[in-house]
Amino acid sequence: MRKQIVAGNWKMNNDSKQTKALLDELLAKRPQSTNTKIVIAPTFVNLQQAVEQAAGSNIIVAAQNMHQAESGAYTGEISVGMLKSINVNTVILGHSERRAYFGETNSILAEKVKTALKNNVTIIFCFGEELADRQSGNHFNVVETQLREGLFHITEEQWGSVVLAYEPVWAIGTGETASPEQAQEMHAFIRSLLRDNISSTVAENTSILYGGSVKPDNATEIFSKPDVDGGLIGGAALKADDFLAIVNAK
Ligand code: PEP
């Protein structure tokens, strides 16, 4: 059985007090015996307090990014060892905002992937096409290239520490979501790539999340598709009731 996962990417939102308040609410209202893994990704400076606050619960605290080097002269950056030292063992890599605004290319991401996996940190690897790619019918090619160049260099064993997050850029933060059929079509394509290029075991066992304007009122339909194993949630992760409604929809 593949893991079912709902992850909230808080982006550059919530100061220390707001982080504490939102997490308090999540802890109070969360389903305690769900099979769905619940992940939240607060900003770096609030990770340690979130880890301490969530300790002993079923909420996993993840980072939104990390640097590919293990240490060194990279002013302002955060290393994998720093994350691990505060018990953060999951990281989001390749979010479209990192790709678009911070120059993260497939080859930089391939390095980040190597560093994270070498250090036994689980990756939520994001990828997805832009609107122009979908309109020109090039979306399958774009997604395949992102996966081949960013991820397919890892060993079969390392796939056990990888979660995929298909996030069409045109659906992120726009209120426009891929239809459940569009999500299923792409997720099935991604699974077939894994089957053809890695192994059928990896294809069956790798969780593929959908991200892009998932809300309480559309989550059930998107999550009902057989190849959609959960979601990566942006805006709706900032309200406890909305986020938990999405968790409960999986
Ligand atoms: C995201 O940023 O990963 C995302 C899916 O955002 P939103 O849910 O706001 O579209």
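In this predicted model, helix 4, which spans residues 96-101, supplies the largest share of the lining of the largest pocket, namely three residues. The pocket itself has a volume of about 430 Å³. Its lining is made up of 18 residues, and those closest to the centre of the pocket are Lys11, Met12, Gln64, Arg98 and Phe102.

Leaving aside residues up to four places away in sequence, Arg98 touches Asn65, Gly103 and Glu104. A further point of orientation is Trp170: along the sequence, Arg98 and Trp170 are 72 residues apart, while in space their C-alpha atoms are 15 Å apart.

The second largest pocket holds about 340 Å³ of space. It is lined by 21 residues, of which Lys3, Thr122, Gly160, Val162 and Val163 are the closest to its centre. Several elements contribute to this lining: strand 2 (37-41), strand 5 (122-127), strand 6 (162-166) and helix 9 (200-205) each provide at least two residues. Among the contributors, helix 9 gives the most, with three residues. The lining of the second largest pocket comprises nine nonpolar, eight polar and four charged residues.

Helix 1 (residues 16-29) packs with helix 11 (residues 240-249) at an angle of about 40°, and the axes of the two lie 10 Å apart. Because of this angle, helix 1 counts as oblique to helix 11. The crossing in which helix 1 passes helix 11 is right-handed. On the side of helix 1, the residues in contact are Leu22, Glu25, Leu26 and Lys29, and they meet Ala240, Asp241, Phe243 and Leu244 of helix 11. This contact is formed by five nonpolar and three charged residues, with no polar ones.

Helix 1 also packs with helix 2 (residues 47-54), in this case at an angle of about 25° and with the axes 10 Å apart. Helix 1 is therefore roughly parallel to helix 2. The two helices form a right-handed crossing. Here Ser16, Thr19, Lys20, Leu23, Asp24 and Leu27 from helix 1 meet Gln49, Ala50, Gln53 and Ala54 from helix 2. The residues of this contact divide into four nonpolar, four polar and two charged.

The backbone of Asn14 has a phi near 80°, a positive value in a residue other than glycine. The loop in which Asn87 lies runs between helix 3 (80-85) and strand 4 (90-93).

Helix 5 (residues 106-118) and helix 7 (residues 139-150) have axes that come within 8 Å and cross at roughly 45°. These two helices are therefore oblique to each other. From helix 5, the residues Asn106, Leu109, Ala110 and Val113 meet Thr145, Gln146, Glu149 and Gly150 of helix 7. The contact between helix 5 and helix 7 divides into three nonpolar residues, four polar residues and one charged residue.

Key. Residues numbered from 1 in each chain as written. Predicted model: local features only at pLDDT ≥ 70, side-chain atom pairs only at ≥ 80, totals over all residues. Heavy atoms only, no water. 1 Å grid on protein atoms, 1.4 Å probe; cavity = no way out; pocket = protein on both sides within 12 Å on 5 of 7 lines; lining within 4 Å. Points joined across faces, edges and corners; volume = space filled by probe spheres on them. Helix = DSSP H or I, 4+ residues; strand = E, 2+ residues; numbered from the N terminus. Nonpolar A, V, L, I, M, F, W, Y, C, P; charged D, E, K, R; others polar. Axes fitted to C-alpha atoms, helices over the stretch in contact; angles between N-to-C directions. Parallel < 35°, antiparallel > 145°, perpendicular 65-115°, else oblique. Left-handed = near helix turned anticlockwise from the far one by under 90°. Contact = heavy atoms within 4.5 Å.
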